Amino acid sequence: MSVKQQESKVLITGATGFLGRNILFRLLEKDRKSRFSLIIRGLKDQSPRMRLHSILSSRYDEDQVRAYEKRIDLILGDVTWKHFGLDDRAYSRLADNMVRVIHAAASVSFNLPLNMARNINVSGTENLLDFAALAHKSGSLQRVDYLGTAYVAGKRKGIVKEDELDVGQKFNNTYEQTKFEAEKLIRERWEDLPVAIFRPSIIVGESSSGRTSSFNVMYFPLKIYIRGIWRWIPGSPDIPLDIVPVDFVCDALECIANDPGTIGSCFHLSASRNATTMGQVLSMAASYFGAKPIRFIHPAIYMNTIHPMACFLTFGRLHDMLINKAALYLPYFMNHLEFDNTHTMDVLQKMGLEAPRAEEYFARIFQFCIDTDWGKNLIEKDDRS
Ligand SMILES: NC(=O)c1ccc[n+]([C@@H]2O[C@H](COP(=O)([O-])OP(=O)(O)OC[C@H]3O[C@@H](n4cnc5c(N)ncnc54)[C@H](OP(=O)(O)O)[C@@H]3O)[C@@H](O)[C@H]2O)c1
């Protein structure tokens, strides 16, 4: 048996994405014993190898990239395909010596039609679990780390605990709903498979540099506010905003994954007691960018007057930004939701790890937006954007 065959393997899905690539970087740097198998889709003009090369080159010099590429096995595939698109032999070979599976592939779009979101988020997760079962049967698998979202809470209000999932809640979009359905699937297999569930809240760039490859979620509403397109928003300044930097999410994930006692549990990778508020984020942004303060409007007034007026009076790109895109975020400005992270902190506090307060690092997040013109001038672009 060759040395390569004997090495323990880690499968990562979603490694071209914002979170997945950061998990990959962390593991390449810290886990020097393993080989990494990545399931990557091909793009029209870019093979998985080219995609991986450009992601690694965004972070490392050429020698380092070459060294890391040698520790990676690429699978041109799709998590929604049977056996990820591999033939039976290649599929069962993939399971050999597989010690860990990290499932970060998902559609994070809020407005994908339900059947399409289900296909990626639910069927994709089911396929991953079937693969994990094969690796488990062969005796190698130690754990599956599934990346969920704290927003499986949907339209719930108040405090959400890590043990809770289905309390009869409704959902704001197909993303929340299908991530909820996927988490349900996982919990049904907890008896047979060594799975842990991780629920990050809203992830932004690195706390030390502000660096991000993705300018969705918090970035888009912030950008249109800074550009003077959005001056009134529904909600109130004291609505909690639970935001975490990507380095915290990766550190917390690895810290928890190093503890075998964490299998069969769910962890909120959230800021929780360090969460900020809508008012704080917007006032930090106003002073950093020199923007006019935003006006908070009662949600009912906003929905009955400003929103219909904006629908009627805007057209073209402005209409698309305000009505088709920004409106998707409105529920998050109005709902008072807090994430209890007791299980997470039980593990993290032994390592002195906790999510930082936004005030400690948001200047760097803002500066990165300025330096890259909100992602337009990123040297290495998220190649899907
Ligand atoms: N970003 C956040 O604020 C946030 C917060 C909480 C939880 N999360 C969770 O974190 C995970 C990663 O999110 P992200 O922000 O990194 O998303 P992202 O940047 O959109 O990345 C998604 C990844 O999934 C891959 N993918 C999608 N469909 C696939 C398919 N059918 N087969 C194979 N790969 C597929 C994408 O591949 P392509 O490059 O080929 O499209 C990409 O690598 C998700 O599970 C999400 O629910 C994210």
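I began with two helices, and I found that the axes of helix α8 (residues 219-226) and helix α10 (residues 278-289) come within 11 Å and cross at roughly 50°. That makes α8 oblique to α10, where angles under 35 degrees count as roughly parallel, over 145 as roughly antiparallel, 65 to 115 as roughly perpendicular and the rest as oblique. For the axes I noted that they are lines fitted to C-alpha atoms, for helices over the stretch in contact, with angles running from 0 to 180 degrees between N-to-C directions. Helices (H or I, at least four residues) and strands (E, at least two) are DSSP runs, numbered from the N terminus.

Before going on, I wrote down that this is a predicted model, in which local features need pLDDT of at least 70 and side-chain atom pairs count only at pLDDT 80 or more, while totals for chains, interfaces and linings use all residues. Residues are numbered from 1 along each chain as its sequence is written.

Next I looked up which residues meet: Leu222, Tyr225 and Ile226 in α8 are in contact with Leu282, Ala285 and Phe289 in α10 (C-beta atoms, placed from the backbone, within 7 Å). By class, this contact of α8 with α10 has 6 nonpolar, no polar and no charged residues (Ala, Val, Leu, Ile, Met, Phe, Trp, Tyr, Cys and Pro are nonpolar, Asp, Glu, Lys and Arg charged, and the others, Gly among them, polar).

I then turned to α2 and helix α9 (residues 246-257), whose axes come within 10 Å and cross at roughly 55°. That makes α2 oblique to α9. Here Leu19, Asn22, Ile23, Arg26 and Lys30 in α2 meet Val246, Val249, Cys250, Leu253 and Glu254 in α9, and I noted that this contact has 6 nonpolar, 1 polar and 3 charged residues.

At the ligand I found 28 residues around it, of which Gly14, Thr16, Gly17, Leu19 and Ala106 come nearest (a residue is near if its C-beta atom, placed from the backbone, lies within 6 Å). The elements giving two or more residues to this shell are α2 (18-30), α6 (114-137) and β8 (202-204), and α2 gives the most, with 3 residues. The shell divides into 14 nonpolar, 10 polar and 4 charged residues.

Last, I checked pLDDT, the predictor's confidence in each residue, from 0 to 100: the chain mean is 93, and 97% of its residues reach 70 or more. Over residues 381-385, however, the pLDDT is below 50. Where pLDDT is low, the predicted coordinates should not be read in detail.

Notes. Contact = placed C-beta atoms within 7 Å.
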